[in-house]
Amino acid sequence: MISHPDYTRRRLRQASERLRAGLFADTRPVDELLVSNEVDRISWDAAQALEYRPTQLGERFGPLWATYWFRVGATVPEEWRGERVELIWQSESEATLWRDGSVVAGLNRHHAEATVADAARAGAIELQIELACNGLFGRQDRPVELTRCELARWDAESWKSFHDFELLRTLEGHPATDPVLAAMLRRELERFVDDGDPAILERLYELHNADYAHEIVAIGHAHIDTAWLWPLAETYRKTLRTFSTAVRYMDEYPDYVFACSQAQQYAWVKERNPDLYARIRAKVDAGQFVPTGGSWVEPDLNIPSGESLVRQLLHGQRFFEQEFGSRCTEFWAPDAFGYTGQLPQLMRGAAITRFLTQKLSWNRFNKPENHTFTWQGDDGSEVLVHFPPADTYNSMADVNELLKTAREHKNLDQSRTSLLVFGHGDGGGGPTREMLENLARVRDLQGLPRTRIGSPSEFFAALEAEAEARPVVVGELYFEYHRGVYTSQAHVKRGNRRSEQGLRDAEFVGVLRGDEYPRAELDRLWKLLLLNQFHDILPGSSIRLVYEDAARDFAELERGIDALLPPGPHPVNTTAFQRREVVDGQMWEAEPFATAVQVGERSNVAIGRSPLTLENVHLRARFAEDGSVLSLLHKPTGREVLAASGNRIELYDDDPVEFDAWDIDPYTLHTGRDAQPAERWEVVTETLLRGEIAFERPLGEASRMRQVVRLDAASPRLEFHTTVDWHESHTLLKACFPLDVRAPNATYEMPFGYAERPTHYSTSFDRAKYEVPGHRFADLSEHGFGAALLTDSKYGYSCYGGDLRVSLLRSPKSPDPEADMGAHEFAYALMPHADGWREGGVLREATLFNAPLRWTTVGPPEPFAIVDGGLVLETIKRAEDSDALVLRLYEPYGGRGVARVHVHAARAWRTNLLEEEDGELQVDGGAIVLPFRPREVITVKVAQ
C-alpha cells in the first residue's frame, strides 16, 4: 500500500467538506417572505401591527442600527412528518427567531440554523424574524443582505458522521499530536473514507487517556459586553438571542452547562420577557444555566470607588439569591483592565472566595507567571485565582485550544486542572452546536486532555481539592495595557465621581431626616450608576451612542440626587473630617457629620501684582504671566516645593498603534511639549478670605483653556479651577509639577486605600507603570516632607523622578470620533505638607476637595458620628432589609488598633458586606469599640 501524509491529509480534508455539505442537504424554500418598513427596536406585540410587503433573497437592509421584522410562511412536507426541522437564515447580521410571541433563538453568522420543530407535523408554519442591521460587533464592512431563508430536515446520521470524522481529522493534523497516534489516525480515517463504515470511527473513540492526564473543565459562556460597540438597547436584544439559544441547546445536550454573569442582564430579561426568564429559571434549577460573578455588572475595577465596588457585589449577590436561591462563590471579571488590591477583601466580604479573569495575558511588558495561584489582597485576605491557559473567554473548544490549555499551563507542578471558557463572546452569541459536539467526543480521548463540561463551582472545587501548595501573589494586579482608559471620555469620569459623592450624601441625609428612608429611589439610582461603571462604559472605550446614553443617565442621576437633597438653610459636613473653609465669602467650620457654623478668621489672603503672588498663612505662590507657578513656598517648613516651574501644561502626541481609546503608548512619553503660554491674566477675586487669578491661553491647534488659580485663607492647598474648550486630535493633555522631593515610590489613592508605584524605570515591571490609575490624590513624599496632587474628577497619573503629572484630557477618534470634544470643567490642587502623606492630612484634604458642604433642609445639631482612632467612616446608610443603621469604615493608612465610634449606639454587630451579622461588638457609653487591622474594610450594623 502506497501512502503519503500530505496526499492523505488533502483527501481527508476533501472528505470533510463533502460530509459538511451533507448536513442540511434536504431543504425546502419558504412559501412567503414578507418584511416591514424600517422601525426602531420595538416589542413583538408592537411588530404585529406593522404593515408588511413581499421581499426576496438578495435584498439589502439598513442603515446601521435599523430594525426590520419578517414574516415567514412555509410548509413542512408530508415526508418530513415526525422529523426535526430547522430554519436556515443568513443575513450577515444579528437576528432573532420568534414563534407565537415567544423568542426561539438567536441567528448570526455562527448560529445560522434554529430548530422550529423537534417532531414536525406536516403542513403550514408561520415564523417571525426580527432583523437588526448590525453585526455581533456593531458596525461591519459587509452589507446586511438576506442570502438564505429555507427549511431544512435535520439529518442526525450525517450530523454524527461529520463531527465524528472532523474532530479526529483535526487531532491527526495538529503538530502537537503524538506522531505514532497521528499515523494510526491517518490510516484509519482513510479507511473510513474508503469504506464509509461508521464502526471505524466508533472504535477510534474507544482510545482513552492514561491514568494520569491533564483535566479540563469546560464551561459554556457568552461574554456580553453590557455596552461597547453597540448601545444599551441593543445589549438587551443580545441577551434575548444568546440566552434563548443557550436554553434551546440545553434541551439538546443534557450535559451542557452555561455560565452567565451580570445581574443587570438577568433583570432586563425578567422585566421585559417573562416567558424567556421562566425558561432560564427552569434551567438554573436543573443546574445547566449557572449564574456567576456575584456583581451587578462586570465593572471596571480601578476607577469606581470602594463603596461602588461594595454595591456592585451587594446588589449582584442579593439579586442572585432572591431570584435563584443561591449566591455566587466566584467573582467573574475576564475582561476588566486591571484589579485593585482591595478586591480579595471585598470578594470575601460578599461570600466570594474564587476569582476568574484572563485579561492579564494581554500584558505587554511582563506576562503573568501563574495560571493558578492564591491572590493576597492589601489586608491579607486571600482568594483562589485562575487564568484560563487558553488565554481567552471565547474559546472555540477545538483541538488546538484543548491542547494549548494543557501545554501552556504555567503551574503544572502544582495543578493538573484547567478551565476552558468556550463560546462566542463580547458581542454575545455563545457556544455553537459544533463546540458541544466536540466536547461530547473528547471526554477521555487519547491525545487530548481529559475534558468534561462543568460549572465554575465544580471547577474551583476540583482546584481546591488539589494538595500541592500554590504560589501567592500579593497586592494589585496591574494591567500592562490600556492605560488611556483612566482618562478617555472625561465627562463620564466626572459624572461618576459626582454621582458617587452625591449618593453617599443622599444616604446620610436620608438617615438624618428620620422619616421614611428613600430606599427604593436610592436603590434605583445606585443601580443606574453601577450600570454605567461597566468596564467599557466608565473607561471610555465605547461608541458615541453609548456616551449619549451615559450623558442621559448621569443627568438622571443628578436630578435624582438633587431631589433627595433639596437645598435648605443647613450647611452639612457629610465627611468624616473636620473642616474649615471659605464658602460664599464667609469662613465656615464643621465637625465630622455635623452642621457647619460661621466663624471668624484672623489670617487672610494677600495678592501681589509685581511679582504676581498669592499668599496665606501656609503658602506663598509666585506666578509667571504665562500661567506657570514659578515658586511655591510651604511656610510651616520653609521648604520650596518645586524643583522647576510647576503647573506646566503639556501636550503629547497620542496616536496609539492600536486600541485608540484604550491606550497611551510608550512613545507618547517622549513627545511632550509645553502648551502655549497664557495670553492674558487678571485678578478676579480679591477679598480677605480668597484670592483668585485667572489665566487664559490657547491650547494646541484649536483649543482654549481658562484657569482660575485660587488660594483661600487658612487653606493648605493651591487650587486650579479649569475650563477647557477642547478640539484636538490624538493629543494628550497633562499638568506637570516638578517637585523638589526624592522618593522611590509615589502613592496613589485607590478604592478603600492606596497603592504605591515606582518613580523610576529600573525593571520591566517599573517601566510598565508609566501611566497608572488613582482616585482623589497622588502623593510624592520623602522623610519629613512631601506634596500631593488632588483632583475632583481625574483618574490617570504618572510620576517619574520628582515630576508628578495628572492626565487631564485625551482626544482619541475610535471607536468614538467625537470623544472628549467640547467644553470641560474640572479642578485640581497642589498640597504640600510636612511629614508623609498619612501624617500630612492628604486624605482629609482630598476628601474635602471632592465633598463641599451640602446645604440641606436638615442638619444635625451635634456630630452624628465621630470616630476616634485610625478609621475613616465612609458610609452612613440604612440597612437593605431593616431600619438598622449601617456604617462602613476602612483603615486607610496601613495601621492596626482599636477605634471608638461615637454614634449613640444601643447595640452593634460586625457584618459582612451583605449586611449579615458576624458577632456582636462591645458598646461603651454609646460608643462602639472596634478593633481593626491594616487596610481593613469594616461594616457595622447599629441599633440606636
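These legends walk through several close-up views of a predicted model.

The model is predicted, so local features are described only where pLDDT is at least 70 and side-chain atom pairs count only at pLDDT 80 or more, while totals for chains, interfaces and linings use all residues. Residues are numbered from 1 along each chain as its sequence is written, and side-chain values use heavy atoms, with hydrogens and water left out.

**View 1. Helices H1 and H4 pack against each other.**
Here you can follow helix H1 (residues 5–21) and helix H4 (residues 179–195); helices are DSSP runs of H or I with at least four residues, strands are runs of E with at least two, and both are numbered from the N terminus. Two packed helices are described by the angle between their axes and the distance between the axes. For H1 and H4 the angle is about 50° and the axes are 10 Å apart. That makes H1 oblique to H4. (Angles under 35 degrees count as roughly parallel, over 145 as roughly antiparallel, 65 to 115 as roughly perpendicular and the rest as oblique; axes are lines fitted to C-alpha atoms, for helices over the stretch in contact, and angles run from 0 to 180 degrees between N-to-C directions.) On the H1 side, look for Pro5, Thr8, Arg9, Arg11, Leu12, Ala15, Arg18 and Leu19, which meet Arg186, Leu189, Glu190, Phe192, Val193 and Asp194 in H4; contact means heavy atoms within 4.5 Å. The residues of this contact between H1 and H4 divide into seven nonpolar, one polar and six charged. (Ala, Val, Leu, Ile, Met, Phe, Trp, Tyr, Cys and Pro count as nonpolar, Asp, Glu, Lys and Arg as charged, and the others, Gly among them, as polar.)

**View 2. Helix H7 is mostly covered.**
Helix H7 spans residues 263–272, and seven of its 10 residues are buried. (Buried means under 20% relative accessible area, exposed over 50%, and partly exposed in between, with a 1.4 Å probe and protein chains only.) The buried residues are Ala263, Gln264, Gln265, Tyr266, Ala267, Trp268 and Val269. Their packing partners include helix H8 (274–285), helix H9 (306–324) and helix H15 (519–531).

**View 3. Helix H6 meets helix H7.**
The angle between H6 and H7 is about 80°, and their axes are 10 Å apart. The two helices are therefore roughly perpendicular to each other. Leu232, Thr235, Tyr236, Thr239, Leu240 and Phe243 in H6 meet Gln265, Trp268, Val269 and Arg272 in H7. By class, this contact of H6 with H7 has six nonpolar, three polar and one charged residues.

**View 4. Asparagine 273 sits in the loop between H7 and H8.**
With a relative accessible area of 8%, asparagine 273 is buried. Leaving aside residues up to four places away in sequence, asparagine 273 touches Trp98, Val103, Tyr236, Leu240 and Trp268.

**View 5. Histidine 111 lies in the loop between strands S8 and S9.**
Strand S8 covers 102–107 and strand S9 covers 113–117. Histidine 111 counts as buried, at 1% relative accessibility. Among the residues that histidine 111 touches, not counting those up to four places away in sequence, are Thr245, Tyr249, His424 and Pro431.

**View 6. Strand S46 pairs with S39 and with S45.**
Strand S46 (residues 803–809) is mostly covered, with six of its seven residues buried. Strand S39 (residues 731–738) pairs with S46 in the antiparallel sense over six bridges; strands pair if DSSP finds at least two bridges between them. Here leucine 733 has leucine 809 of S46 as its bridge partner. Strand S45 (residues 796–800) is also antiparallel to S46, over four bridges, and tyrosine 800 has aspartate 803 as its bridge partner. Two residues lie between the strands of the S45 and S46 hairpin, where glycine 801 takes a positive phi near 65°.

**View 7. Five strands form an open sheet in the order S50-S51-S57-S53-S54.**
The pairing in this sheet is antiparallel. Its edge strands are S50 (872–878) and S54 (917–921), each pairing on one side only. From one strand to the next, the twist averages 30°. Strand S53 (residues 907–911) is joined to S54 by three bridges, and threonine 911 stands opposite glutamate 917 in S54.
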